[in-house]
Amino acid sequence: MKDIEQLNHTIIEFYEKLSSWEQSVVRGKGFSLPQVHIVEILGAHGAMRMKELADKIGVTTGTLTVQVDKMVNAGLICRRPHESDRRSILVELTTSGESLYQEHDQLHLNLTQDITAKLSDTDRLHLLKCLQVMNQEF
């Protein structure tokens, strides 16, 4: 039981450090952290329905609509009708949104390289597999 407690505290500590890093990166960019998370999701997955995006970030479509409105006004994303479902609206990155995604993704890649630099290739693969299994539980 002691191991699970230690793992619990270590995961929480890592989350807090990652969150703090994320806040510091976003600060001064003129965008909120939720907006950058929306850019990350759309950059990684492409255009998607509002409902799908809301589910991915864990908010209601009403809450998402407020953020999307701000992001459309900022020129980061645009709305367009779904090709085959007239009732659905897709949101996708604009050129400016794609640029923000590429910049932010590179920062994440640099961080990942920095914090795993002392791991062997084998340890890095084990970490990847563990994180993949853990992500499937969400």
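The following conversation takes up how the terms used for this predicted model rest on their definitions.

Colleague: How many helices and strands does the protein chain have, and what makes a run count as one?

Modeller: Helices are DSSP runs of H or I with at least four residues, and strands are runs of E with at least two, both numbered from the N terminus. By that rule the protein chain has six helices and three strands, and along the sequence they follow the pattern α-α-β-α-α-β-β-α-α. The C-alpha atoms of the protein chain fill a box of roughly 50 × 30 × 25 Å along the principal axes.

Colleague: Which residues does UniProt assign to a domain?

Modeller: The UniProt record, an unreviewed entry, places "domain: HTH marR-type" at residues 1-136; its positions are given in the numbering used here, feature names are shortened, and annotations may be inferred rather than shown by experiment. Over residues 1-136 the model is 71% helix and 9% strand, with the end C-alpha atoms 23 Å apart.

Colleague: Why is the contact between Arg49 and Asp85 called a salt bridge?

Modeller: A salt bridge is a side-chain nitrogen of Lys or Arg within 4 Å of a carboxyl oxygen of Asp or Glu. The N to O distance between Arg49 and Asp85 is 3.8 Å, so the pair meets the criterion. The pair links distant parts of the chain, with Arg49 in strand E1 (residues 48-49) and Asp85 in the loop between strand E2 (77-81) and strand E3 (89-93), 36 residues apart. The structure holds nine salt bridges.

Colleague: What are the distance and the accessibilities for the pair Glu92 and Arg80?

Modeller: Their closest N and O atoms are 2.7 Å apart, and they form a salt bridge. Glu92 at 22% counts as partly exposed, and Arg80 at 26% is also partly exposed.

Colleague: How are Asp121 and Arg124 placed relative to each other in helix H6?

Modeller: They are three residues apart in helix H6, which means that about one helical turn separates them. Asp121 is exposed because its relative accessible area is 59%, while Arg124, at 30%, counts as partly exposed.

Colleague: How do you know that the span of H2 agrees with its number of residues?

Modeller: The expected span of a helix is 1.5 Å times one less than its number of residues. For the 13 residues of H2 this gives 18 Å, and the end C-alpha atoms are 18 Å apart, so the two agree. Just after H2, Gly46 takes a positive phi of about 80°.

Colleague: What makes a space a pocket rather than a cavity?

Modeller: On a 1 Å grid over the protein atoms alone, a cavity is a set of points where a 1.4 Å probe fits but cannot get out, whereas a pocket is an open set with protein on both sides within 12 Å along at least five of seven lines; lining residues have an atom within 4 Å of a point. Grid points are joined across faces, edges and corners, and a volume is the space filled by probe spheres set on the points. The largest pocket holds about 2,200 Å³; of its 36 lining residues, the closest to its centre are Phe14, Leu18, His108, Leu131 and Asn135. H1 gives the most to this lining, with 10 residues.

Colleague: How many cavities reach 30 Å³ or more, and which helix gives the most to the lining of the largest cavity?

Modeller: The count comes to one cavity of 30 Å³ or more. The largest cavity has about 60 Å³ of space, and H5 gives the most to its lining, with four residues.

Note on methods
Residues are numbered from 1 along each chain as its sequence is written. This is a predicted model: local features need pLDDT of at least 70, side-chain atom pairs count only at pLDDT 80 or more; totals for chains, interfaces and linings use all residues. Side-chain values use heavy atoms; hydrogens and water are left out. Buried means under 20% relative accessible area, exposed over 50%, partly exposed in between (1.4 Å probe, protein chains only).
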